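The sequence and structure are shown first.

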Amino acid sequence: MRVVSFDTQEVNYLIVASEPYFVLRERDGQSLVTHDRCPHRGGPLHLGMWDSKTRSLRCPWHGTAFTHMALSRRAVPSVRTGAWLTVVLPVSPDSPVELSKRQVLANG
Ligand code: FES
């Protein structure tokens, strides 16, 4: 396992040993760090649209909706302290991790 901390005002996208994750901001102020590849055909979920009524994210490629519960199951463990998130990544401690900031349409 690799533990990484970052400021969510500066980082919202992680590439962990070639696997992409993004920070999905929840409306209650919490955050979820979830896998970015749609399980259908790998669409970029960070470019999907969030539906606050159904609390689901719609994939931009074929429109499959993923509930908050489904996204939570694909998320990595995380703890928030103010603007900082500490995440536990499912890789070895020496695995490469790239941190960046991207436009995450899912966050509006
Ligand atoms: S790739 Fe996401 S619904 Fe098809």
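## Secondary structure and basis of the model

The protein comprises one helix and 10 strands; these are DSSP runs, with helices being H or I of at least four residues and strands E of at least two, numbered from the N terminus. Read from the N terminus, the order of elements is β-β-β-β-β-β-β-α-β-β-β.

The model is predicted, with local features requiring pLDDT of at least 70 and side-chain atom pairs counting only at pLDDT 80 or more, while totals for chains, interfaces and linings use all residues. Residues are numbered from 1 along each chain as its sequence is written, and side-chain values use heavy atoms, with hydrogens and water left out.

## Overall dimensions and contacts

A compact globule of 108 residues would have a radius of gyration near 13 Å, and the protein agrees with this at 13 Å; the radius is taken over C-alpha atoms, and the globule rule is 2.2 Å times the number of residues to the power 0.38. Along the principal axes, the C-alpha atoms fill a box of roughly 35 × 30 × 25 Å.

Of the contacts with a separation of 6 or more, 56% are accounted for by residues 24 or more positions apart. A contact denotes heavy atoms within 4.5 Å.

## Surface and charge

Buried residues make up 43% of the 108 residues, where buried means under 20% relative accessible area (1.4 Å probe, protein chains only).

There are 13 positive and 9 negative side chains, and the centres of the two sets lie 8 Å apart. Lys and Arg count as positive and Asp and Glu as negative, without His and the chain ends; the charges are placed at NZ of Lys, CZ of Arg, CG of Asp or CD of Glu.

## Nonpolar cores

The largest nonpolar core has 15 residues, and those with the most contacts inside it include Phe22, Leu57 and Phe66. Strand S3 (19-25) and helix H1 (68-73) each supply at least two residues of this core. A nonpolar core is a set of buried Ala, Val, Leu, Ile, Met, Phe, Trp, Tyr and Cys residues joined through side-chain atoms within 4.5 Å.

A second, separate core of 14 residues includes Leu14, Val23, Val87 and Leu89.

## Val104

Val104 lies in the segment after strand S10 (97-100) and is buried, with a relative accessible area of 7%. Not counting residues up to four places away in sequence, Val104 touches Asn12, Phe22, Val23 and His46.

Notes. Buried means under 20% relative accessible area, exposed over 50%, partly exposed in between (1.4 Å probe, protein chains only).
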